[in-house]
Amino acid sequence: MKIKVDIQRATDAHDIPENRQLRKWARAALADYDKDAALTIRIVDKKEGTELNRKWRNAKGPTNVLSFPYDDNNRVAGGLLGDIIICAPVIKSEAMKQKKSLASHCAHMVIHGALHLIGYDHIKPEDAREMEELEVRLLKNLGYTNPYYR
């Protein structure tokens, strides 16, 4: 299985982890995915994050991560899974407030977004629990602590 990860940086934020790290985290989330696939991770500023969140979720302000799965059952798009949008100012602020490293929070957001691309969600409590447990396990394997520790 080959996972191609395209990185787009549409922000001036210089402290977001390097592309190789972003790719590593996305591939870790998709380690059990059994097809060749491609996805894009786009790092955005507050303006673009706000615009996308308003347009696609009808919500005010930016959010930390958005996932846009491309669902064609691998027929037309040749394995294109979709896009993950990371809003740099939001994850930087959250990391500081939650007393986490930016790298660990960014890893969590990439993994969370990638899992959404392959069908995981957290609408129902049992689905949320399954997704969170997988995120915790993947992050632990990468050397990061449980992001849900309360």
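Q: Before we dig in, what counts as a helix or a strand here?
A: Helices are DSSP runs of H or I with at least four residues, strands are DSSP runs of E with at least two, and both are numbered from the N terminus. The model is predicted: local features need pLDDT of at least 70, side-chain atom pairs count only at pLDDT 80 or more, and totals for chains, interfaces and linings use all residues. Residues are numbered from 1 along each chain as its sequence is written, and side-chain values use heavy atoms, leaving out hydrogens and water.

Q: Great. Where is Ser104?
A: Ser104 belongs to helix 4.

Q: And is Ser104 buried or exposed?
A: Ser104 counts as buried because its relative accessibility is 15%; buried means under 20% relative accessible area, exposed over 50%, and partly exposed in between, with a 1.4 Å probe and protein chains only.

Q: What does Ser104 touch, apart from its neighbours within four places in sequence?
A: Leu139 and Tyr144 are in contact with Ser104, where contact means heavy atoms within 4.5 Å. Its side chain also reaches the backbone oxygen of Ser101 at 3.0 Å.

Q: Switching to the sheet: what's the strand order?
A: The order is 1-2-4-3, in an open sheet of four strands with mixed pairing (two strands pair if DSSP finds at least two bridges between them). Strand 1 (3–10) and strand 3 (65–69) are at the edges with a single partner strand each, so one side of each has no neighbour in the sheet.

Q: How do strand 3 and strand 4 pair, parallel or antiparallel?
A: They pair in the antiparallel sense, over five bridges, with strand 4 spanning residues 80–87. Ser67, for instance, has Ile84 in strand 4 as its bridge partner.

Q: Okay, helix 1. What does it lie across?
A: Helix 1 (residues 19–29) lies across strand 1 and strand 2 (37–44), at about 135 degrees to strand 1. That angle is taken between N-to-C directions on a scale from 0 to 180 degrees, using axes fitted to C-alpha atoms, for helices over the stretch in contact.

Q: Which of its residues are buried?
A: In helix 1 they are Gln21, Leu22, Trp25, Ala26, Ala28 and Ala29. They sit on the same side of helix 1 because they cover an arc of only 160 degrees around the axis, going by the directions from the helix axis to the C-beta atoms. Their cover includes strand 1, strand 2, helix 4 (102–117) and helix 5 (125–141).

Q: Last one: where does Asp36 lie?
A: Asp36 is in the loop between helix 1 and strand 2. Asp36 is partly exposed, with a relative accessible area of 49%.

Key:
A polar contact is a pair of N or O atoms within 3.5 Å; within protein, one must be able to donate a hydrogen and the other to accept it, and residues adjacent in sequence count only if both atoms are side-chain atoms.
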